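Here is a short briefing on one protein chain. Look at the whole chain before turning to single residues.

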Amino acid sequence: MQLRGVGRRCSTGSATVLGDVAQATTPWAPGSWTATMTHLGKSDFHLEELLQGFRVPAAVIEYAAQLLPVIAPGLAAPQSVRSNRGELDLVETGPDALAAAVTDAVRHATTTPGSVGVIAVPGALDDIAEALTHAGIGFGRLGADHGDDADHQIELVPAQVAKGLEFDRVIVVEPADIADAEPDEATGLRRLYVVLTRAVSALSVVHARPIPAPLTS
C-alpha cells in the first residue's frame with residue numbers, strides 16, 4: 001500500500017527508486033524489483049544495480065551474500081572496493097559455553113581500537129550481559145537505560161534494531177536464532193543479512209546451533 005500510494009503521486013511522470021530488497025525486513029515487503037515496480041505502477045522500468053561498495057569489507061560481504069539467492073533471487077552479489085579484505089571468524093561452541101565464547105570474542109575484538117557491536121536476539125543478550133559483567137567488561141545496551149550518557153566501546157544490540165547501524169567489529173551470536181525470530185524464512189534470512197553487514201572491519205559469528213544452510217556453501 002505504501003508503494004501504491006507513492007505511485008499515485010507520480011503516475012504521470014518518471015520516478016527514481018533506490019533501495020535494497022535484500023534488506024526488506026517486513027513480511028509484506030516485495031521480494032523483487034519487478035514486484036516493487038508493479039506496485040508503483042511502473043511495469044516498464046530500467047534496473048541499474050549498484051554493485052560496488054566501500055563500507056563493508058570483501059570477507060564480510062562475500063559471506064553474507066550467500067543469502068542472496070534465497071532472499072533476493074536475481075540480484076548480483078555486491079563487491080567491496082576496499083583493498084583490505086577485512087576479517088571473518090566463525091566460532092562454533094557448545095550451548096552451555098555460548099556466553100563464554102562471546103565473552104572471549106569481545107575480549108579479542110577490544111584488542112583493536114574501534115567500536116564493537118554484539119548482535120543477538122533479546123533473550124540471548126541477557127545471558128551475554130551477565131557474562132560480560134562477571135568478566136568485568138563494561139558495555140552499553142541499546143534500548144536499555146543505563147542511567148548515563150557515556151559512550152561505550154561495546155554495545156549489545158537486539159537484532160531487530162541493528163538496521164542502519166555500523167560498528168568497526170561485529171559479533172553475531174546464534175544466527176539461526178536471529179532468523180527463526182521472524183515470522184517466515186525469507187524475512188528471517190533478510191534480517192540475518194542486515195545483521196551480518198553491520199561490520200566495517202571484522203565479523204565474528206559465534207554459534208552453538210547449526211548455521212542456516214545458505215551460509216554453509
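Predicted model: local features only at pLDDT ≥ 70, side-chain atom pairs only at ≥ 80, totals over all residues.

Helices and strands here are DSSP runs, at least four residues long for helices and at least two for strands, numbered from the N terminus.

**The whole chain**

- The chain has eight helices and eight strands.
- Its radius of gyration is 19 Å, close to the 17 Å that the globule rule gives for 217 residues, so the chain is as compact as a globular protein of that length.
- Along the principal axes, a box of roughly 60 × 40 × 30 Å holds the C-alpha atoms.

**Surface, burial and charge**

- Of the 217 residues in the chain, 44% are buried.
- The accessible surface comes to about 11,400 Å². Carbon and sulfur atoms account for 52% of that surface.
- The chain carries 15 positive and 26 negative charges.

**Ala 159**

- Is Ala 159 buried or exposed? Ala 159 has a relative accessible area of 1%, and buried means under 20%, so Ala 159 is buried.
- Beyond residues up to four places away in sequence, Ala 159 touches Ile 119, Ala 120, Ile 178, Arg 191 and Val 195.
- Leu 51 is 108 residues from Ala 159 along the chain. The C-alpha atoms of these two residues are separated by 25 Å.

**Glu 174**

- Glu 174 sits in the loop between strand S7 (167–173) and helix H7 (175–180).
- Its phi is positive, at about 55°, although Glu 174 is not a glycine.
- Glu 174 has a relative accessible area of 5%. The cut-off for buried is under 20%, so Glu 174 counts as buried too.

**Ser 204**

- Where is Ser 204 found? Ser 204 is part of strand S8, which covers residues 199–207.
- Ser 204 has 14% relative accessibility, which also falls under the 20% cut-off, so this serine is buried.
- Leaving out residues up to four places away in sequence, Ser 204 touches Asp 89, Val 170, Ile 171 and Val 172.

How values were computed:
Residues numbered from 1 in each chain as written. Heavy atoms only, no water. Rg over C-alpha atoms; globule rule 2.2 N^0.38 Å. Buried < 20%, exposed > 50% of the residue type's maximum accessible area, 1.4 Å probe, protein only. Areas by Shrake-Rupley, 256 points an atom, 1.4 Å probe, with all protein chains shown as cover. Lys, Arg positive; Asp, Glu negative; His and termini not counted. Charge placed at Lys NZ, Arg CZ, Asp CG, Glu CD. Contact = heavy atoms within 4.5 Å.
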